[in-house]
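Keep the viewer open beside you as you read.

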Amino acid sequence: MENDLTKAVEHLRQGQYTCVLCRDDIMYTSRERGVKPLLDWLDGGLEAKGFSAADKVVGKAAAFLYVLLGVKEIYAHVISEAAMGVFTENHIPFLYDVSVEYIINRQGTGSCPMEEAVSGLSAPEEAPEAIRRRLAELRQRSL
C-alpha cells in the first residue's frame, strides 16, 4: 500500500469514519452512511484526483462515484463483485478484506437499493442521476 492509502485506512479504522480520502496532508472524512458523503463531495465540486480512498462498504453505486471523484486507488473493508468490476474497468487499483456477491440492504432482507439503482448501468456518468432518483423514491416511501 502506498503511504496515502495506508493513512486513509488507518483513519478509517481508528476514527470511526465510514469513508476517508487522503492525499499528502489533505484529508476528507465522513461518518455518514451509504453513498451520501460521496454524492455530497461530488456535488460540492471536490476534485479528488490523485487521492487514495478507504471505505467500509463499497458497492457498484459507490464505485461509480469514486470513479467520478477521480480517486487513484481504494481500500474497502467490504466490496461487492460489481464494484470490483467497476474498478477493474476503470483501472483503479483496489484492496479489500471481504468480497461479497452484492451489498445487502440495511434490513438484511435483500440487495441494497443503491446497488439495484445502478445494476444495469455501465457508464459512471449515468450513476449520480440513477442514485438520486432512487434516494428520492426512498424518501417518498418513508413519508
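Helices and strands here are DSSP runs, with helices needing at least four residues and strands at least two, and they are numbered from the N terminus. With that in hand, the elements of the chain run α-β-β-α-β-α-β-α-β-α-α from the N terminus on. That makes 6 helices and 5 strands in the chain. Please bear in mind that this is a predicted model.

Let's begin with the overall dimensions. Along its principal axes, the C-alpha atoms fill a box of roughly 40 × 30 × 30 Å. For 143 residues, a compact globule would have a radius of gyration near 15 Å, and the chain has 14 Å, so the two agree. Of those 143 residues, 45% count as buried.

The largest nonpolar core has 37 residues, and L21, V58, Y66 and I131 are the members that touch the most others. At least two residues of this core come from each of β1 (19-23), α2, β3, α3, β4 (73-80), α4 (81-89), α5 and α6. The largest share, 8 residues, is supplied by α3. To see one member in its surroundings, select L21: beyond its neighbours within four places in sequence, L21 is in contact with I26, M27, Y28, W41, L46, A48, F51, S52, A53, Y66 and V71. Apart from this core lies another, of 9 residues, including L5, A8, L12 and A54.

Which of its residues are buried? In α2, the buried residues include P37, L38, L39 and W41. Among the elements that cover the buried residues of α2 are β1, β2 (26-30), β3, α3 and α6. Just after α2, the backbone of G45 takes a positive phi of about 80°.

Not counting residues up to four places away in sequence, A62 touches V35 and L38, and L38 is one of the buried residues of α2. For a sense of distance, A62 and R31 are 31 residues apart in sequence and 15 Å apart in space, C-alpha to C-alpha.

R132, in turn, is found in helix α6. With a relative accessible area of 33%, R132 is partly exposed. With residues up to four places away in sequence left out, R132 touches L39 and D43, and L39 is another of the buried residues of α2. R132 and S52 are 80 residues apart in sequence, and their C-alpha atoms are 25 Å apart in space.

The largest pocket has a volume of about 790 Å³. Of the 29 residues that line this pocket, G34, V35, R106, C112 and M114 are the closest to its centre. What is the make-up of the lining in nonpolar, polar and charged residues? The lining divides into 13 nonpolar, 6 polar and 10 charged residues.

Finally, look at two backbone details in the loops. Most residues other than glycine have a negative phi. Q16 has a positive phi of about 60° although it is not a glycine. Q16 lies in the loop between α1 (3-14) and β1, and is exposed, with a relative accessible area of 57%. D24 also has a positive phi, of about 55°, and is not a glycine. The place to look for D24 is the loop between β1 and β2, where D24 is exposed, with a relative accessible area of 52%.

Technical notes
Residues numbered from 1 in each chain as written. Predicted model: local features only at pLDDT ≥ 70, side-chain atom pairs only at ≥ 80, totals over all residues. Heavy atoms only, no water. 1 Å grid on protein atoms, 1.4 Å probe; cavity = no way out; pocket = protein on both sides within 12 Å on 5 of 7 lines; lining within 4 Å. Points joined across faces, edges and corners; volume = space filled by probe spheres on them. Nonpolar A, V, L, I, M, F, W, Y, C, P; charged D, E, K, R; others polar. Core = buried A, V, L, I, M, F, W, Y, C linked by side-chain atoms within 4.5 Å. Buried < 20%, exposed > 50% of the residue type's maximum accessible area, 1.4 Å probe, protein only. Contact = heavy atoms within 4.5 Å. Rg over C-alpha atoms; globule rule 2.2 N^0.38 Å.
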